[in-house]
Amino acid sequence: MAARKITYSSHPNHAARSAHAKGERQFRTYDTSHIRPKKSKIPILVASSLAAVVFLLLLWGGSALMKGCSMSTLAEGEEVEISISEGSGAKDIGTMLQSEGVIANANEFVKRVGELGVDADMKPGIYVFKGGMSLDQVIGVLRIGPEASYETFTVPEGFTVAQTAARVEEATKGRISAEDFIAAASDARAYEADFPFVVGAYNNSLEGFLFPKTYPIRGSATADSIIRTMLTQYQTETATLDYAFAEGHGLSRYQILVMASLIEREATLEDERPLVASVIHNRLTEGMLLQIDAAVAYAVGVVEITPKDLEIDSPYNTYLNLGLPPGPICSPGLASLQAATAPAATNYFYYVAKHEGDGGHFFSENYEQHQEYIGQG
């Protein structure tokens with residue numbers, strides 16, 4: 001059966017138009033809200049998320065921009081301690097310097113390092129930087145090394161604890177007083193756990209152990225931290241010593257330190273140290289009084305002694321007491337320590353200072369010859 005073909009006229013008649021208009025008026029009176037399509041909330045959520053992302057990007061970009069731009073720096077005289085790790089490049093160092101206020105702009109630092117071609121020259125370590133330093137000054141310090149960023153103080157060979165304390169007070173402009181330093185150095189037992197070689201130090205004093213050297217003064221330094229640095233240096237220096245000769249003669253390492261302190265104060269020339277050491281060893285072996293003026297001077301607290309000083313009642317009076325003094329009389333240098341562990345092989349028992357020439361000593365094997373040298377001195 002053939003399908004019916006239905007056609008609609010493109011020119012509706014009046015009755016059709018009238019029916020259509022009536023239906024439209026009725027439709028408008030119905031409530032159709034329940035069948036209308038609902039609007040999705042997804043576009044709103046997406047828009048909100050995009051706005052948040054844009055805000056965060058702007059915030060991050062602003063932060064990055066600030067890091068690339070000038071930042072506030074340390075005030076004049078203000079200090080900051082910074083640790084530069086091994087293998088750090090200009091970018092890492094620049095970022096750290098900027099974050100701590102040493103420099104204003106990390107990018108400018110990297111650029112300047114590149115211009116100078118010194119990226120590989122900057123050394124790791126702990127630095128102290130002060131406010132007001134220029135880029136070139138900061139880079140110069142980094143090229144020299146940590147020691148260039150600190151104030152320093154020098155302990156010469158032969159300094160006592162008291163002299164070292166005065167030097168520390170001067171270097172720290174009184175921030176660490178000589179009294180505080182002496183108090184810390186008078187408590188050797190406080191350091192025994194970390195530095196066992198100070199165990200048994202005479203009178204609980206670190207006399208002799210504060211190794212002579214030039215040391216940095218960090219802004220955070222204390223009497224304790226400086227002493228620990230000096231004891232660490234002593235430990236490092238003495239690690240090279242051979243104590244076989246001393247042990248063969250029944251001398252402890254502490255007695256070697258005592259002997260080295262005597263050598264330090266008695267020998268005026270470098271090549272005399274093993275000779276002075278031989279006189280001390282020979283006298284100890286023979287059971288003779290050492291009769292060393294420097295030990296008496298230490299006990300009295302003077303530089304030059306008088307005949308009356310030789311009568312002082314002190315364990316340091318080597319004119320009245322046999323053997324070595326009970327403790328060191330100063331901090332000896334490595335040369336004196338080496339001489340004490342390896343004295344020259346001589347038959348010398350005496351020496352006397354020359355009054356002319358190079359300032360050395362006459363050495364002799366017997367008292368008669370010694371008297372002759374006294375007359376020539």
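How many helices and strands are there in the protein? There are 14 helices and six strands, where helices are DSSP runs of H or I with at least four residues and strands are runs of E with at least two, numbered from the N terminus. The model is a predicted one, in which local features need pLDDT of at least 70 and side-chain atom pairs count only at pLDDT 80 or more, while totals for chains, interfaces and linings use all residues. Residues are numbered from 1 along each chain as its sequence is written, and side-chain values use heavy atoms, with hydrogens and water left out.

Consider the protein as a whole before turning to its parts. Of its 377 residues, 37% count as buried, a word that stands for under 20% relative accessible area, with exposed meaning over 50% and partly exposed the range in between, for a 1.4 Å probe and protein chains only. Among the contacts (heavy atoms within 4.5 Å) that have a separation of 6 or more, 60% join residues 24 or more positions apart.

Helix H3, residues 90-99, shows how burial can be arranged around a helix. Its residues Ala90, Ile93, Gly94, Leu97 and Gln98 are buried. They lie on the same side of H3, because they cover an arc of only 130° around the axis, taken from the directions from the helix axis to the C-beta atoms. An α-helix has 3.6 residues a turn, so residues three or four places apart point the same way. On the face of H3 turned away from the buried side are the exposed residues Lys91 and Ser99. After H3 comes Gly101, with a positive phi near 80°.

The axes of helix H4 (residues 106-116) and helix H5 (residues 135-144) are 10 Å apart, and the two pack at an angle of about 65°; axes here are lines fitted to C-alpha atoms, for helices over the stretch in contact, and angles run from 0 to 180 degrees between N-to-C directions. In this pair, Glu108, Phe109, Arg112, Val113 and Leu116 of H4 meet Leu135, Asp136, Val138, Ile139 and Leu142 of H5.

A further pair is formed by helix H11 (residues 273-286) and helix H13 (residues 334-341), whose axes come within 8 Å and cross at roughly 40°. H11 and H13 are therefore oblique to each other, since angles under 35 degrees count as roughly parallel, over 145 as roughly antiparallel, 65 to 115 as roughly perpendicular and the rest as oblique. Arg273, Pro274, Ala277 and His281 of H11 make the contact with Ala335, Ser336, Ala339 and Ala340 of H13.
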